[in-house]
Amino acid sequence: MTAATTAALTFEDFKTEVLKDYQIAMTSRECSLLGRREVLTGKAKFGIFGDGKEVPQLAMAKAFRNGDFRSGYYRDQTFMMAIGHLTIQQFFAGLYGHTDLAHDPMSAGRQMGGHFATHSLNEDGSWKNLTLQKNSSADISPTAGQMPRLLGLAQASKIYRKVSGINNATNFSLLGNEVAWGTIGNASTSEGLFFETINAAGVLQVPMVMSVWDDEYGISVHARHQTTKENISEILKGFQRDEHGNGYEIFRVKGWDYAELVSTYEKAGQIAREQHVPVLIHVYELTQPQGHSTSGSHERYKDAKRLGWEADFDCIKKMREWMIGFNLATAESLDQMEADIKKQVLEGKKAAWNAFLESIKNEQAELVTLLENIAEGSANKVFLNKFATDLKDSKEPIRKDILQTARKALRMVVGESSQKQLADWITDYTERTQPRFSSHLFSESDKNVASVKEVLPVYASDAEDVDGRLIIRDNFDAIFSKRPEVLIFGEDSGNIGDVNQGLEGMQEKYGELRVADAGIREATILGQGIGMAMRGLRPIAEIQYLDYLLYAIQIMSDDLATLQYRTRGRQKAPLIIRTRGHRLEGIWHSGSPMGMIINAIRGIHVLVPRNMTKAAGFYNALLDTDEPALIVECLNGYRLKEKMPSNMGEFKTPIGVVDTIREGNDITLVSYGSTLRLVEQAANELQQVGIDCEIIDIQSLLPFDTAHDIAKSIAKTNRLLVIDEDVPGGASAFILQQIIDEQNAYGFLDSKPQTLAAKAHRPAYGTDGDYFSKPSAEDIYEKVYAMMHEANPGKYPALY
């Protein structure tokens, strides 16, 4: 304890507080021990626990305040218990995968145990007042994946402190006094995401406290294989702030020293909170009593000397010794406390298991009764009764057992009078049950993208034809002036107004915090956006070119895309990601890996406007929603002429709605982005030989054509060609799957639906490289002509 803390407490108060901490630590440890047994006996699938890290997490919890955020890794159970957001029963409900938020508030069974979250949202998707509660952003398993988000959570405090006029700011921040607390294992500091975030936080000078739990191992691999000098704080010494420049405050503290840990965390929190300086706390000499996880035993890779040291320096054992040495407790009283805790944990475990089974057993009994009833009138009575008996005898059924039994039984009553009754039960049960595992991939609030209504651009009678970049620029100007919570940041976004001048003059007008340059660090640019969006801001994270998105794809895929899903709608990050792509120059700037992107980031909307007016309309629309999205602007559109709308910031492009930009009767051509200009050129040339093409601009890959307008077009033309500049089988395969499988358009086709994509290799450099790598107007013309030749060879003789 610090002098300031102890001075404010009587000895009895101090003793009570320490004993409460010890009780929490012992409860957490017992949960870990019993949790491992539950996995090994088969009740749970996998366990990864926080044993050995209990005492430093108690210290962190003491410095943690309402409004603060945690972005940690999957061993922080003691911390969550200490801040009052994890009970014994909830711990085991998570281990069993209970699909009810009332029992597993962390993820409703969607994540394995050890992944923690608090609820930022009410049931209807509206924000809670985050300043009135202690907050934990939802954990993810990928090592160091929590780091980029941590940066944004911390930066939000800086924005709230220095940017005025943000609506409803007091629900998210009180003068920017909140700290973002990060945790990570020592081995995971080897990941690039750790170093990228550490560097960015030092540059931005944000209130972040980063704890490294150091137990010398990463699964079985010792620190000598992980970290230079086997010491993360030693190699980060150059980040220490001094009279020569900004940086970090760096602390080292033993993980078993309760008093010093409490003092260190109090200092760290105060520095970060008041000075907005990032802090690194290297917590070393920690242990891992049960090894890395239930998948293995640490006795395989730790020698007797190490195991003996771990037994002696277990943080709870050392805390116990300290308490007895300072007359805060007797050995006998602590023995009794530990015995009581064992009983409490056992009772909590039993309660969690019974609650997990209760609703399933009701569903089990429901099907057993139905099977017994329909067996009486079935020719396969013996088999149906066997299904019913086997299911009834299952003492610990899961929902898979129930539905699997019903579906197999259905085969036995085909053609019998009970077939419909059982089939209806299966359909109803699936509809009731599937949302437990599948809901909230996207927002289910009244602010989801489906709520956006189209608002058309308005044009004055004397509207000028201007470069597309001016439309984007002036629309951003309107957005920034009306919405102080909106900010944009990225490489070259600030001082020069982005590489294509779509933000020209915006930094000068709105300041460096709202229109900001960022380093070459795409993953943490995304992380800034995620964290700030989780705290009520409306960030636009700019990735300079679409190809560079690959640096951030893991963060988009594992964190942003899954956030609503993995919290079952209790956290959100309505981040807009701005980038540009399609047909520039060469391998690294070709900008069309769309298949890779759309299949990695389900949970994020992917919008592909063909011009800058459409793009501006998407920004306006998304800012009225609560969902994340990626907008890919056309690189060759910034200098192309468009009419200047007069209702900047107001017009909205509907999301998930296609645009028929040319009507025709012979064939439906489907594409998006820059390729549409080539499609239009080819269609004009095809018209000269009597081929009448209908052209549909997809506009939105995710969601895709929610009104099924493409199928309606095919019903008229009876032919389909999908043109895409991704690799063969990339985005075109997804588009075709949606049209054929989801829209059932195959019934309208008179010939095979076809695709025209780029070559399988990366595009070569230069104009010739583009022509020979991606679909050209001639490729489109000849592909369409060949399809029409197949239909009517007399009218359209073969070209080759």
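This is a predicted model: local features need pLDDT of at least 70, side-chain atom pairs count only at pLDDT 80 or more; totals for chains, interfaces and linings use all residues.
## A tour of pockets, cavities and a sheet

**Stop 1: the largest pocket.** Select Lys45, Tyr96, Gly97, Phe356 and Ile398: of the 21 residues that line this pocket, these are the closest to its centre. What classes of residue make up the lining of the largest pocket? There are 10 nonpolar, 6 polar and 5 charged residues.

**Stop 2: the second largest pocket.** Now select Trp127, Lys447, Glu485, Gly536 and Arg538. They lie nearest the centre of the second largest pocket, which is lined by 18 residues. About 380 Å³ of space lies here. Sorted by class, the lining of this second pocket has 7 nonpolar, 4 polar and 7 charged residues.

**Stop 3: the cavities.** Rolling a probe the size of a water molecule over the atoms shows where empty space is left. How many cavities of 30 Å³ or more are counted? The count comes to 5. The largest cavity has a volume of about 80 Å³. To find this cavity, select Gly94, Asp104, Met106, Gly113 and Gly114, the closest to its centre of the 13 residues that line it. The lining of the largest cavity is made up of 5 nonpolar, 7 polar and 1 charged residues.

**Stop 4: an open sheet.** Switch to a cartoon view and look for 5 strands that form an open sheet with mixed pairing, in the order S17-S19-S18-S21-S22. Which strands sit at the edges? Select strand S17 (659–662) and strand S22 (754–756): each pairs on one side only. Neighbouring strands of this sheet are turned by 25° against each other on average, with direction ignored.

Zoom in on strand S18 (residues 667–671) and strand S21 (residues 720–723), which pair in the parallel sense over 3 bridges. Show Leu669 here, and you will find it opposite Leu721 in S21.

**Stop 5: a helix on the sheet.** Finish by selecting helix H28 (residues 777–791), which packs on the sheet. What does helix H28 touch? Its contacts are with S18, strand S19 (693–697), S21 and S22. Turn the view to compare helix H28 with S22: their directions make an angle of about 165°.

How values were computed
Residues are numbered from 1 along each chain as its sequence is written. Side-chain values use heavy atoms; hydrogens and water are left out. On a 1 Å grid over the protein atoms alone, a cavity is a set of points where a 1.4 Å probe fits but cannot get out, and a pocket is an open set with protein on both sides within 12 Å along at least five of seven lines; lining residues have an atom within 4 Å of a point. Grid points are joined across faces, edges and corners, and a volume is the space filled by probe spheres set on the points. Ala, Val, Leu, Ile, Met, Phe, Trp, Tyr, Cys and Pro count as nonpolar, Asp, Glu, Lys and Arg as charged, and the others, Gly among them, as polar. Two strands pair if DSSP finds at least two bridges between them. Helices (H or I, at least four residues) and strands (E, at least two) are DSSP runs, numbered from the N terminus. Axes are lines fitted to C-alpha atoms, for helices over the stretch in contact, and angles run from 0 to 180 degrees between N-to-C directions. Contact means heavy atoms within 4.5 Å.
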